[in-house]
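I opened my notebook to look up a few things in this model. Here are the entries, in the order I made them.

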Amino acid sequence: MKTTIVIPNYNGIDFLKNCLESATKSTVCASIIVVDNGSSDQSLAWLSQNRPDVKVIAFPTNQGFCAAVNAGICAADTPYVFLLNNDTTIEPDCIKRLEDAMEEEADIFSVGAKMLSMREPLLVDGAGDLYCACGFARAIGKGKPQSRYVRRRDVFSNCAGAALYKKELFDKIGLFDETHFAYLEDVDVGYRARIFGYRNVIEPAAVVYHVGSGSTGSRHNAFKVTYSSRNNVYLAYKNMPFFQLLLNLPLLLAGFLVKFLFFCTKGLGKTYAAGLWQGIKLCMSQKGRAHKVPFRCKNLGHYAKIQWELWRNLLPPSQFD
């Protein structure tokens with residue numbers, strides 16, 4: 001057995017049955033861990049009664065996505081860990097295809113599945129993530145025909161809702177940063193892997209169907225906007241050394257302004273601004289400074305490659321992103 005499936009759950013009883021059934025039908029053997037984040041919807045009782053084969057780690061309160069997946073990663077005893085959202089189902093050959101892609105090259109940290117919309121399966125929900133110098137992170141291919149995305153390729157990072165990670169590399173780059181709580185934590189861990197010289201790859205032949213916003217509700221809500229804007233500031237601060245922050249600062253400020261104006265049209269401008277301020281305070285705090293990735297001269301080439309990609313990703317997306 002090469003892979004452990006880790007499924008974080010928060011009040012996801014409506015999704016767990018289908019998610020676990022699809023995981024059980026995998027063509028390769030994989031153990032399953034569900035990490036429950038203090039659910040109040042009888043998720044634990046349902047798991048105990050219906051899925052005694054699944055290992056359950058239960059938190060008394062909601063500790064956030066990062067704490068949940070970290071607990072699952074630490075509990076896994078396999079070379080790979082497949083992080084999977086509870087509002088998903090997977091194709092039977094999904095994990096096998098991810099494992100095969102992971103084993104192609106020794107420097108791969110993560111391999112992401114092609115996520116399709118559960119409601120409109122001909123459309124992509126995400127095929128890896130891009131991150132640019134103005135601080136925008138976006139899902140590649142979102143809302144586009146899935147037939148366009150068939151080539152395995154490097155991406156900036158992978159969505160942790162359906163990605164296979166090489167467990168041993170977490171010992172080198174660190175686990176998911178629990179300061180994030182939720183949102184952009186997967187971009188952060190992928191960014192850190194890039195700094196250390198590892199790669200993130202998307203494998204479109206591995207297919208996952210995703211409902212989306214299964215735990216937090218609508219696409220734009222106060223919780224998501226607050227944490228996303230806070231973490232957007234924190235993400236840039238902790239991964240960019242001073243000279244790179246200074247280089248990108250005008251573009252980052254422009255990006256934050258554009259996002260603020262956008263959320264003003266949604267009635268969430270003050271919420272977004274408050275999140276930015278929380279992010280600034282976090283970066284100035286002892287906790288924020290403690291998590292900043294130390295600059296190492298040996299990684300200078302990796303920083304240069306990342307910076308070129310940050311600039312390149314400012315360009316409008318091509319047909320295939």
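Entry: L247 lies in helix α8 and is partly exposed, with a relative accessible area of 44%. My cut-offs are under 20% for buried, over 50% for exposed and partly exposed in between (1.4 Å probe, protein chains only). Helices (H or I, at least four residues) and strands (E, at least two) are DSSP runs, numbered from the N terminus.

**Entry: ground rules.** The model is predicted, so I kept in mind that local features need pLDDT of at least 70 and side-chain atom pairs count only at pLDDT 80 or more, while totals for chains, interfaces and linings use all residues. Residues are numbered from 1 along each chain as its sequence is written, and side-chain values use heavy atoms, with hydrogens and water left out.

**Entry: the second largest pocket.** Which residues line the second largest pocket? I listed V233, A236, Y237, L245, L249, L252, L253, F256, L276, I280 and C283. Two or more of the lining residues come from each of α7 (222-239), α8 (242-265) and α9 (269-284), and α8 gives the most, with five. The lining counts 11 nonpolar, no polar and no charged residues; here Ala, Val, Leu, Ile, Met, Phe, Trp, Tyr, Cys and Pro are nonpolar, Asp, Glu, Lys and Arg are charged, and the others, Gly among them, are polar. The space in this pocket is about 350 Å³. A pocket is an open set of points on a 1 Å grid over the protein atoms alone, where a 1.4 Å probe fits, with protein on both sides within 12 Å along at least five of seven lines; lining residues have an atom within 4 Å of a point.

**Entry: helix α6.** Is α6 buried or exposed? In α6 (residues 185-195), 11 of the 11 residues are buried, so the helix is largely enclosed by the rest of the structure. Just after α6, G197 takes a positive phi of about 95 degrees.

Entry: Most residues other than glycine have a negative phi. Y183, not a glycine, has a positive phi of about 80 degrees; Y183 sits in the loop between α5 (167-173) and α6 and is buried at 18%. N11 also is not a glycine and has a positive phi of about 50 degrees.

**Entry: salt bridges.** I counted 13 salt bridges, each a side-chain nitrogen of Lys or Arg within 4 Å of a carboxyl oxygen of Asp or Glu. R152 and E203 meet at 2.6 Å, N to O. E203 is buried at 7%, whereas R152 is partly exposed at 36%. D177 pairs with K238 at 2.8 Å. D177 lies in the loop between α5 and α6 and K238 in helix α7, so the pair ties together parts 61 residues apart in sequence. Both D177 and K238 are buried, and salt bridges that share partners join D177, D188, R192 and K238 into one network.

Notes: Grid points are joined across faces, edges and corners, and a volume is the space filled by probe spheres set on the points.
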